[in-house]
Amino acid sequence: MSNFLASINYNSWILHVLLVFPLLGAVAVFLSPAALAKRLAFAVTLLEFLLSLGLWWSVNTSNGTMELMQTIPWIPQWGISYAVGIDGISLTMVLLTTMLMPLCVLGSFAAITEREPGYYALLLVLTTGMIGVFIAMDMFLFYVFWEVMLVPMYFLIGVWGGKNRLYAALKFFIYTMAGSLLMLVAILVMVRVAAVMGDGKVSFSYFHLLQYAQSPIMGRIAPWLFLAFFLAFAIKVPLFPFHTWLPDAHVEAPTAGSVILASVLLKMGTYGFIRFAIPFFPGVAFSTFVTNTVVTLAVIGVVYGALVAMVQPDIKKLVAYSSVSHLGFAVLGIWAASVQGVQGALMVMIGHGFSTGALFFLIGMIYERRHTREINAYGGLARVVPIFSLILTVVALASIGLPGLNGFVGEFLVLIGSFRIYPYATGIATTGVIFAAAYMLWALQRIIFNKLDKPANEVIPDLNRRELAVLIPLLIGIVWMGLYPKPVLDKIEPAARRYILMTKGLVVPGDDVIRTKGASQ
Amino acid sequence: MTGLDLLTPSGLMVAMLPELVVTLAAVIVLLINAWRHQTAADSRFAGMVSLAGLVAALAVLGALWRGGAAPLGAPNMIALDGYRFGAQLLILGASIGTVLLSLDYLERESLIAPEYYSLLLMATSGMMFLAGAEDLIVLFLGLEVMSVPVYVLAAFNRKSAVSAEAGLKYFLVGALASAFLLYGIALTYGATGSTALTVVGQRIAAQGIGTMSGLGLALMLIGLGFKVASVPFHMWAPDVYDGAPTPVTAYMATGVKAAGFLALVRVLMVGFGSAVDTWQPIIGVLAAASMILGNLVALAQRSIKRMLAYSSVAHAGYLLAAVWSGSQAGASATMLYLAAYVLTTLATFGILAVLGRGGERDVTLDSIAGLAQRRPAIAAALTICMFSLLGFPGTFGFIGKWAILSSITAEHHQFLAVVLVLTSLVSAGYYLPVIRSLYMRPPLNAEIHDGVILPGAARLTVALGVILLLVLGILPRLAIDRADSGARSFAGTALDRAAQARR
């Protein structure tokens, strides 16, 4: 495989193609008639996924450094370049994104009936934005992708969303923008300070800033800069108490929107911590005050999210709050800064992408049949729709963290990794797993077991082939990552180790980080 | 044609050629009007002649710019540098856009009076003098030549009471502002013995800023503050913007504001550069107040025209923040932001003029609901304009805002930068509802969007504006180059030396 990829010079063009191709596809889809739009969009996303698959073999993740780095001057007057690169962490995130997009398109075929070309075009624009965030190596470029992504999501929620969509869309937009604007100022200030330190060289390159981030002048203002980055990412994660936009957005978004929000967008927050906030300012991030605060917030998120999920009458809201709980684990793992902790955090991010994505798809499918998300409106579905019930059970168990399914791997690693460092906090967080079992199993009981006492539930059809095609890839992922996570763990381990060195200030960036051609030698 | 001796009449004439061409066009249009001023065709003909005049001025400007015209020896009366050329490009662009928007608008509203165009041209020449003035007397003359025609234009719709009110209000406030400016000039002359900006700059650098020159500066700031509608001199803006015919509103929001700001930059950089410590706090307070007040009050508006009026106050605040930084980067950012603002505002008002069709119905968030279904292209264009005003990545507005933020943070003083981004966030609260109405709400009734069609010339303006917004939002190198080279005109001024020393 590697030889084949090398023979077509895969590494030199793939990152650009991954960014540009969905955009071109979006234009084509937007201009095509409604009947064709969804098929075309599916073809584009599927092809995008197949193209991106090569990254698994071609990116050399063994050093934990940035590979496939490409830098093209963009606005030279301001020191801005189009710079992209990928390491093990980005790799898994990019593949998660490209894998989910065809499923999202396929899963929307029945649900979206009006203004279809616009809808699918927005999904494609969103694809570019999400991939861009994960591979941008220039702070300006990163910021552009980070913000541009808001627009398609805003329209997806606002146009194709549920009853309260206008409010949810605005809230989502404003919350996210609030965080990112302060990050914008922080980026600019960092660049200015770096320019003073580095002989007046103004550059927005990630590595350039990393090089000067630990300089003494930066040290004086570092707490403020860290705060700005922290807010931007904490809102996105979302870390308690910045999570209030999430239930609204999740509940009101159309199914594919909820899936993307949960599976990819939330991960950008944790990714931002790992890639930017902490490596830039490890001293601040691991100071006693910040550590205590973040770990406390993460643990509150774990427990609070689970408790609130338990009392939700709406299934989608239940899953939304469960995300708050799961992402709390990821943040805990990131701040543990041990190999297991960070690997666990990344596994939570990936695993949550699979299981919560599948949950939202399942909720969307049952909603299309019954037009309600009230848990109490269901009951006894196991007898009517056995396949649906079986898959829902498996996915719910994965979400709880049953050994053998993917949810277990991540949370278990996080708990092991952080126990030595924050024993009490980890102890409390463990209860989150128990609560997760409680809310999920209870919801499961009320939906698919209990008595089949509502006549409307007796006539709903089971999943059709298209819906199975959406769910089965996710199920395969859930089982594979639960039973044999080693290949994924191997991919992320060097990057995780490198991250840990960065948190201790042990890696001097700039000497070995920038490697323009490094793959598959 | 590189060196022009500005002390000789012929040199001065060549230097002022763009202004002269516009003035000449104004006179020609006026003459044509004397014979032909009755039918719609006459009005359109006058419009076409004005357009030709403006394009000719643009060509002359291009020749001067490309030829690298520069003064031999001391500058006199009128500046001859990149910053003036850039300023005039903006002003001519705003005027051409306004003429294109007016062609069909005047016919629709049956405002058949071709004098409209000659007034517009006179105002344009005034703006060009104002933005290029190297002498305070020229500055004042430019301001008056600009203002008087705009007073008339604001009241141009004789059948509308609000238009008359707008004209009267603008006239009274504007006259007061002129008085302030003139008094400020007089005091400055008294303190320094000259009205030439360069000489004023030298004297102030030598003797320091005293009570008299300080007072002069303050009064001039008030005068220009009125023109650019910065807080606390903004009270006239909402009523005037709302009442004036929509293309005139576009003209006031773009041309007047651009000319005012570019003149302000020149006065502060060249004339009072050494007194930067005196004016920086004042400008900073005005900037913060304009950003905060403009954005907060805009939130409460239902009428989109009034909302844009308050948002223009907020944009004045952003621009003042760029002026505050008092460096070449700040001058460049002012120019760049103005370019983005001019493009966006022209396109926005072009669309609003169509939405308010037939007797200038009030365009509100409710009345545009559901437009995207009926007129997807217009809705998309307005959406892009809103994102550009919001300063969202991917649009030219973002590049402008980035330039401003960058020039502020370069001074290692973050307060204004933080105010700017926080108030930008507030502005999302009123720009996004416009988009929300367009795409996410059903129309009030089935017929409400009948007849919303952009006529040819306006369509051209809007389309060109929106395309430029997107292209320059992604590939801004050329625009940045122009703005930067314009700002380098201020290299070596007292202020520039002060800015270097601060580093």
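Two strands are said to pair if DSSP finds at least two bridges between them, and strands (E, at least two residues), like helices (H or I, at least four), are DSSP runs numbered from the N terminus. This is a predicted model, in which local features need pLDDT of at least 70 and side-chain atom pairs count only at pLDDT 80 or more, while totals for chains, interfaces and linings use all residues. Residues are numbered from 1 along each chain as its sequence is written, and chains are lettered from A and ligands numbered from 1 in the order in which they are written.

**View 1. The hairpin of E1(A) and E2(A) in chain A.** Strand E1 (residues 67-75) of chain A pairs with E2(A) in the antiparallel sense over six bridges, and A:Ile80 in E2(A) is the bridge partner of A:Ile75. Four residues lie between the strands of this hairpin, where A:Gly79 takes a positive phi near 70°. Strand E2 (residues 80-86) of chain A is mostly covered, with six of its seven residues buried; a residue is buried if 20 or more other C-beta atoms, placed from the backbone, lie within 10 Å of its own.

**View 2. Domain 1 of chain A against domain 2 of chain A.** Chain A is divided into domain 1 (1-285 + 505-521) and domain 2 (296-483), with bounds that come from an automatic or database domain assignment. The centres of the two domains, taken over C-alpha atoms, are separated by 25 Å. In contact (C-beta atoms, placed from the backbone, within 7 Å) are 30 residues of domain 1 and 32 residues of domain 2. On the domain 1 side, the elements that give two or more residues are helix H4 (88-107), helix H11 (245-252) and helix H12 (255-280) of chain A, and H12(A) gives the largest share, 11 residues.

**View 3. The side of chain B that touches chain A.** Here 25 residues of chain B are in contact with 24 residues of chain A. Helix H17 (396-409), helix H18 (415-440) and helix H20 (477-487) of chain B are the elements that give two or more residues to this side of chain B, and its largest share, 11 residues, comes from H18(B).

**View 4. Chain B, with its 21 helices and two strands.** The radius of gyration of chain B, taken over C-alpha atoms, is 21 Å, close to the 23 Å that the globule rule (2.2 Å times the number of residues to the power 0.38) gives for 503 residues, so chain B is as compact as a globular protein of that length. Buried residues make up 64% of the 503 residues in chain B.

Definitions and conventions
Two residues are in contact if their C-beta atoms, placed from the backbone, lie within 7 Å. A residue is buried if 20 or more other C-beta atoms lie within 10 Å of its own, exposed if 12 or fewer, and partly exposed in between; C-beta atoms are placed from the backbone.
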